[in-house]
There are 4 protein chains.
Amino acid sequence: MKVPDPVTRLGQSTPDRIEVRGHDLCRDLIGKLSFTEMMLLHLTGKRPEAAAARMVDALLVAMVEHGLTLNAIAARMTYASAPEALQGAVAAGLLGAGSVFFGAMEVTAQMLERTMQRLRSGNVSIEEAAAELVADYRRRRAKLPGFGHRIHKPDDPRPAVLFRLARELGYYGQHCELMAATSGAVDASAGRHLTLNVAAAYAAILLDMGFDSRIIKGFVLIARCAGLVGHLYEEQQIPAARRIADLVEEAVPYRPGGD
Amino acid sequence: MKVPDPVTRLGQSTPDRIEVRGHDLCRDLIGKLSFTEMMLLHLTGKRPEAAAARMVDALLVAMVEHGLTLNAIAARMTYASAPEALQGAVAAGLLGAGSVFFGAMEVTAQMLERTMQRLRSGNVSIEEAAAELVADYRRRRAKLPGFGHRIHKPDDPRPAVLFRLARELGYYGQHCELMAATSGAVDASAGRHLTLNVAAAYAAILLDMGFDSRIIKGFVLIARCAGLVGHLYEEQQIPAARRIADLVEEAVPYRPGGD
Amino acid sequence: MKVPDPVTRLGQSTPDRIEVRGHDLCRDLIGKLSFTEMMLLHLTGKRPEAAAARMVDALLVAMVEHGLTLNAIAARMTYASAPEALQGAVAAGLLGAGSVFFGAMEVTAQMLERTMQRLRSGNVSIEEAAAELVADYRRRRAKLPGFGHRIHKPDDPRPAVLFRLARELGYYGQHCELMAATSGAVDASAGRHLTLNVAAAYAAILLDMGFDSRIIKGFVLIARCAGLVGHLYEEQQIPAARRIADLVEEAVPYRPGGD
Amino acid sequence: MKVPDPVTRLGQSTPDRIEVRGHDLCRDLIGKLSFTEMMLLHLTGKRPEAAAARMVDALLVAMVEHGLTLNAIAARMTYASAPEALQGAVAAGLLGAGSVFFGAMEVTAQMLERTMQRLRSGNVSIEEAAAELVADYRRRRAKLPGFGHRIHKPDDPRPAVLFRLARELGYYGQHCELMAATSGAVDASAGRHLTLNVAAAYAAILLDMGFDSRIIKGFVLIARCAGLVGHLYEEQQIPAARRIADLVEEAVPYRPGGD
């Protein structure tokens, strides 16, 4: 199989012009598009509908800030060591976007994609597919992505508002329905209510907007990048990193010996 | 001097609520604010004026995409090696935001801040301060930040449109005036026109909006984070990394010996 | 279940002393231990046998350098953008240690650990366990970790020398035997010889030395960290990054339109 | 000026062979060289003398571990969020190697290089050059690199042992003498003893070994890479990250209001 020659459809700089997705950046985009619209043009190649930009704005706004989380601490620690390289502190914070916290978006989206294939190929309803899915995870004693939250109980407050907006804006499609049906099946199977978390809403809505599961974590990275810049701006004004390090030293003492 | 106990003014998660800067995230912010407005609320603690959001939108839009730059290549290389960790590829790309490329924003801003102090303390006009500044760099044979560009000649197309918008929106203040005067002094001193680059516009406008020089690179990081996510989305669809690696192997041959 | 209070057994700095694993760094370790011995003391809490240090030296030496690989390119691109932050360029290179390249060590080790559990619990011989393992991957049409290499064919030259040394030094145990048996089963099942790669040797030997599968990638990171520092030292002396970026621009042209 | 075509002198992989610096990796290097010797061969192109390897071993051993420092905390935070990507956690830790902590090596080395140029060009003794240097920093009220330590007082225990070894092994040259003279001048100028820190020893010895100031931080990165892998191995066995995060939440409370 011959691999086609790689090209880029994204952009190019020439001496007097920058072009992005076929548009003149300075004449057509700067001052005309919001950052979120630009992001969507860049990702998809098309100027987004107003509804798409509103939906993505909401998804991004939801993930900017949640307090002094592990990745905010990592960023502040790094900044205090290397204040001349802000990019390193932001990068350190983003590197926490793994399976335990933000990666759940990706895994949830993959689960929804696989189940949609099952739905399309078989004669099953959404409810039946959801019930099968839950039964399969239960059998394998695997953690079902999109459910449970360290802090938010019984409900993560974000999914409801995001799903409501998705309905209003026309992005509540089959993946959202499948996610809702899965939540019902989870509660039925567990005999009690389990928290549907923000990863579930993110995954379902972005899939219904037409994005691929592999890029969904990208939206979280953009939102968190802004959040981390905010944390570092605060660290510049109200330094906390050294105090945190002193606390850690006390709280995690050196005990060289055995057990 | 007693250091005050550190606090955070940014946000907090509790079981049924997320609060950001004193606002209920789900009730007051999601669906109500654009991502750029949220970013400004997060950074400054205040809901931004419409003009501020438009200005920051323009600054961010200007930096999302410029083609297959060094940091886009770094991100794609990393992605091809570790596709399961999108965050690592984005982080690798952001780590290129150093002194040669994006760091110019920071250095330019520091230069403007220092010169403004001189202006405030002395009896000099903006034009005199700019001329002194240029003469000082010339004497030290140092590169004046904010001028010159690898590709854009004779003019980087972005500063004009950004400064025009800053005027319209009320953010063309003393730092912008100083930057313009410096450009005049540079041309006079060199006897020819030197490119005023996008870093100059970024630095001057964000200082006139009230931001500190130490956080200015943060805006570029947010814009480039979106740009890098776009590159990785394209890399998923049109893989280029392996071909690039093969090219490099040919173009940079192994020559173990001396010279 | 009560989580015990966290402690560290690694080290501590006090005004006149640094202690590592119960030893006085300056009196007992500096000048007395090689870097590899120190690394093993730090990881395990015990001064290593000479054989262990020789084995780990060999494993590290094997991974320092393989030419201008994807992660070396990522590091050089980042360095050219941010030469004042060497740590960022090294970090960018290490971030490529994912599933496609260096992560294979981790996945191979996990596979060996799972199969050893099967061996311990059942009445099967190593050969039978290997044959089952290969049959299982074949049935699931999954790629068997530890086999195949982009460049090295028919044989990766490293496993033979590493396994020979492991035999000499007393680290050729059950995991190595299982890996060898798996190689036999792979060839039998495919009807031709498949390359056993360096990840297979790394995983098997480090497991036989008593390390856990989750830390095996750590050894590769240390070796590659040294390799990347070497690439950046060369980049300082013989800059290649800008030329590479120019090449990429030509080779991956901007084509904004459709297909 | 024509830039010469870039080449690499480091290494190359071909189907049956890996070559590093002109040597066959599998036949001549694996099992024959220690990791430190390999590192030096890779960096310099020459097999190192035994003395050079011992000196570098000592320098690396000195920097592996100092307790739960800011970068160890950053690495552990990142690991707890993304345990499937060990490389990200190590990278996050290394990103703290900036101006405040490990960057001091680089800045100290640059200071020594500049002063040596002064020495070579003028008719001044080492003592005079040191006194001038100290006077110049004092006049500019700048912090003199290589002096002072957050924890170690009155003496960092590492420089003495490293300088003693450098003398024994023949690497105590002009840069080391200049550093010692600078320490004398600092104490004389301050009227009390100031701590000469490990960065001073690192910088002086590596310059006397013939390395360039720009790569000196690279040695620290290699040593710390091993140290961070050790911290993450301990985090796998004795998890501390979540507890640290809980502590931080309490110690840095959310105070949305004013001042």
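Reply: Contact means heavy atoms within 4.5 Å, and helices (H or I, at least four residues) and strands (E, at least two) are DSSP runs numbered from the N terminus. This is a predicted model, where local features need pLDDT of at least 70, side-chain atom pairs count only at pLDDT 80 or more, and totals for chains, interfaces and linings use all residues. Residues are numbered from 1 along each chain as its sequence is written, chains are lettered from A and ligands numbered from 1 in the order in which they are written, and side-chain values use heavy atoms, leaving out hydrogens and water.

Me: Which residues of helix 6 of chain D meet helix 9 of chain D?

Reply: From helix 6 come D:Thr108, D:Met111, D:Leu112, D:Thr115 and D:Met116; they meet D:Gln174, D:His175, D:Leu178 and D:Met179 of helix 9.

Me: How do the axes of helix 6 and helix 9 of chain D cross?

Reply: Two packed helices are described by the angle and the distance between their axes. Here the axes of helix 6 (residues 104-121) and helix 9 (residues 174-190) of chain D come within 10 Å and cross at roughly 100 degrees. The two helices are therefore roughly perpendicular (65 to 115 degrees).

Me: And what area is buried between chain A and chain B?

Reply: Interface size is often given as the accessible area lost when the parts come together. With a 1.4 Å probe, summed over both parts, chain A and chain B bury about 7100 Å², 70% of it from carbon and sulfur atoms. In contact are 86 residues of chain A and 85 of chain B.

Me: How many salt bridges cross the interface of chain A and chain B?

Reply: Two, by the rule (a side-chain nitrogen of Lys or Arg within 4 Å of a carboxyl oxygen of Asp or Glu). B:Arg243 forms one with A:Asp5, their closest N and O atoms being 2.7 Å apart.

Definitions and conventions
Buried area = accessible area lost by both parts, 1.4 Å probe. Axes fitted to C-alpha atoms, helices over the stretch in contact; angles between N-to-C directions. Parallel < 35°, antiparallel > 145°, perpendicular 65-115°, else oblique.
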